[in-house]
Amino acid sequence: MTRTQVQIIERILAAIPIMLGVVILAFLFMRMIPGDPVDIMMGEAGGVTHEEMASLRAQFDLDKSLPVQLVLYLGRLFKGDMGYSLQRARPVKEIILEAVPATVELALFSLLFALILGIPLGIASARYQNSIVDRIGMATSFLGISMPGFWLGIIGIIVFSLGLGWLPTSGRITYGMAPKSITGLMTLDALITANTGALKDALRYLALPAVTMGAGVAAVVARVTRSSMLEALKTDYVLFAKAKGVPDRTVTIKHALRNALIPTVTVVGLQVGTLLGGNMIVETIFGWPGLGRIVVDAIFSRDYPLVQAAVMVYALTFVVINLATDIFYTYLNPKMTL
Amino acid sequence: MSVNAEHVDSLKRRSLGSDTYTLDTPVPGISRRPWSGFRNISGILFKLKNHPGAIVGGFVILAYVICAVFAPYIAPHSPGEVALAKRFVPPVIGSINPLGTDQLGRDILSRIIYGARVSILVGVLTVAISMVIGVGLGLIAGYYQGSFDKIMSRFTDLLLAFPYLIFVIGAMSVLGPGFWNLILALCFKGWVEFYRLSRAEVMSQKASEYVEAARALGRTDGAIMISEILPNIIHSILVLGTLRMGNMIVMESSLSFLGLGVPPSIPAWGSMVSDGRRYMLNAWWVATLPGLALVVLVLAINLVGEGLRDVLDPRLKEN
């Protein structure tokens, strides 16, 4: 095994206790609710008998001791059982699986937007340092970093949906336009079924939420790309390439950019946390039927099993993506010791 | 180990904050001039003169703080004053409702001024509490290392596995809306970054000569941590604190926007934006103006943070 492979395996092994910790913390979450969760959950329903309450308590293992509860919880989780949502009268796993494609699609498009905008902006700002492009680009990205997603989203709706009427205010696709569901990602399904009408429609619905969610990430990507490009442009190999007479454009893209993108990859990995968090806000604003909106709804209906499972899914996703970033980073830069 | 008495003296003066020391003797392990109390503030302000953004940001923050503190004297109306006859009055500069009124006829300018109280208080309190806890634990963990450090570092790894906003949303769903619950939820994870930073900094300073010298002079561990090491690492901690304050304020208003922040009876920018969402079509000002107040404040804080970082701790600069 090479050193890189050993490092990667070590990294994966180190992530396991963290994931277990996340699961335990998510378990404790429902037990930290002041008072009796069943009382609180059923408080609004009314007309529930004592026997029904007791059977509910038994269903959540609340009649057993904490360690026993934990073991039972882990056992069920291992079998893929994430609990049962009383409010929606369905298994939590089903609800979450149904919502995931919408969230993944939105996240992918946000990331795509962030990279398409952020990387060229960063390169241009570095290549023409202190020019007007650089100044405007960096001022905009500074604004992007300071701007909360919910405000940007609302401005977008007021300008592009209500004002200009170009884009829809909420939802995922016009009723009746949805392509046959294969992957659950509307755009991909539309492509597979060669349904251009649905593709266009889905993209119109995606535009505002994706830009809202991706703006902050784009700003960070632009800043990091700029500073690492500035550094790369000053290195000996870039100087040497220039001295050899390699065209400017080739030097920037081929020599400098390839090395400068390593920090960008790391930052994008870390920004996934921001994307996941922003997800709840953006989905709420745009009525996007994903995981984030379900969590927010679940919090207000005191649907604790659903909140618990969703928070766990978010955190595990974050751990896995950070792990993937680390591994990717090792491949890009074998000199780096993890 | 023999300790040059003169050297020790100069080191002590350095860390105790006299400005009579000279830089004649190069001291390994000390790369920056240590913090020396309020006398340093004028020095920092002087250096910030080359950062116009930070100066503008500073004045903007000052204006917000004045508004928050003297809100009852500055606000033209009471923030809760309902006037159903004047619902959705559009903003007209110079009128009695310069920024218009909301769905209940309440004056938006007054509510924005009062809303500054929550945002600034949450920003300052969460950063201060997180800083004290994080730096305290970081000093101990970095200085002694050993099992305390190992346990703490595992715990912080675990907390870092949760995206911040999701952690806070989860915590608020358990705790319920409320000012102190919000502070608790934000601080519960907020201290981690301060812990990590100060721990790493202490570890890098621990082997410095001035620490060894203090130890040779028989100073207690506590005294070394507080009066020797802390002044040498406080710069980067303050920079982090400033940059985080903007984040905390954004998070507070995001939570208030979702209805998980402070109770609706207290005017907060996030909940004002959220209320205004329903009336975006006819009354754009209800949702947008409170958000604008927030953006300007966060922008100002970040400008000051960046300026401070360039002046105090250039190493933190993105590279």
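**Questions on a predicted model**

Biologist: Read along the sequence, what pattern does chain B follow?
Modeller: This is a predicted model, and in it the secondary structure of chain B comes to 12 helices and 0 strands. With 0 strands in the count, the pattern read along the sequence of chain B is α-α-α-α-α-α-α-α-α-α-α-α.

Biologist: Of the contacts in chain B with a separation of 6 or more, what percentage join residues 24 or more positions apart?
Modeller: Chain B has 319 residues, of which 47% count as buried. Among its contacts with a separation of 6 or more, the share that comes from residues 24 or more positions apart is 70%.

Biologist: Which element of chain B has the lowest mean pLDDT?
Modeller: Chain B averages a pLDDT of 80, and 85% of its residues score at least 70. The highest mean among its elements is 92, for helix 5 (residues 108-144) of chain B. At the other end of the scale, with a mean of 37, stands helix 1 (residues 5-16) of chain B.

Biologist: How many contacts beyond near neighbours in sequence does the stretch of residues 1-31 of chain B have in the model?
Modeller: Over residues 1-31 of chain B the pLDDT is below 50. Where pLDDT is low, the predicted coordinates should not be read in detail. With that caution in mind, the contacts of this stretch beyond near neighbours in sequence come to 38.

Biologist: Is Val89(B) buried or exposed?
Modeller: Val89(B) lies in the loop between helix 4 and helix 5 of chain B, where it touches Asn97(B), Gly100(B) and Thr101(B), leaving aside residues up to four places away in sequence. The cut-off for a buried residue is 20 or more other C-beta atoms within 10 Å. Because Val89(B) has 20 C-beta neighbours inside 10 Å, it counts as buried.

Biologist: Which residues does Ile74(B) touch, not counting residues up to four places away in sequence?
Modeller: Ile74(B) has its place in helix 4 (residues 71-74) of chain B, and it is partly exposed because it has 15 other C-beta atoms within 10 Å. Its C-alpha atom is separated by 22 Å from that of Val56(B), 18 residues apart along the chain. Once residues up to four places away in sequence are left out, Ile74(B) touches Cys67(B) and Ile113(B).

Biologist: Which helix of chain A gives the largest share of the side that touches chain B?
Modeller: The contact takes 38 residues from chain A and 34 residues from chain B. Several helices of chain A each supply at least two residues to this side, including helix 1 (3-31), helix 11 (248-285) and helix 13 (304-332). By class, the side of chain A has 30 nonpolar, 6 polar and 2 charged residues. The largest share, 7 residues, comes from helix 7 of chain A.

Biologist: Which helices do the buried residues of helix 6 of chain B pack against?
Modeller: The buried residues of helix 6 of chain B are Thr156(B), Leu158(B) and Leu160(B). They pack against one helix from each chain, namely helix 8 (179-205) of chain B and helix 1 of chain A.

Biologist: How many residues does helix 1 of chain A give to the side of domain 1 that touches domain 2 of chain A?
Modeller: The domain assignment of chain A gives domain 1 (12-78) and domain 2 (98-332), and the centres of these domains are separated by 35 Å, taken over C-alpha atoms. Their contact takes 13 residues from domain 1 and 9 residues from domain 2 of chain A. Two or more residues of the side of domain 1 come from each of helix 1 and helix 2 (37-43) of chain A. The largest share comes from helix 1 of chain A, with 9 residues.

Conventions: Residues are numbered from 1 along each chain as its sequence is written. Chains are lettered from A and ligands numbered from 1 in the order in which they are written. This is a predicted model: local features need pLDDT of at least 70, side-chain atom pairs count only at pLDDT 80 or more; totals for chains, interfaces and linings use all residues. Helices (H or I, at least four residues) and strands (E, at least two) are DSSP runs, numbered from the N terminus. A residue is buried if 20 or more other C-beta atoms lie within 10 Å of its own, exposed if 12 or fewer, and partly exposed in between; C-beta atoms are placed from the backbone. Two residues are in contact if their C-beta atoms, placed from the backbone, lie within 7 Å. Ala, Val, Leu, Ile, Met, Phe, Trp, Tyr, Cys and Pro count as nonpolar, Asp, Glu, Lys and Arg as charged, and the others, Gly among them, as polar. Domain bounds come from an automatic or database domain assignment. pLDDT is the predictor's confidence in each residue, from 0 to 100.
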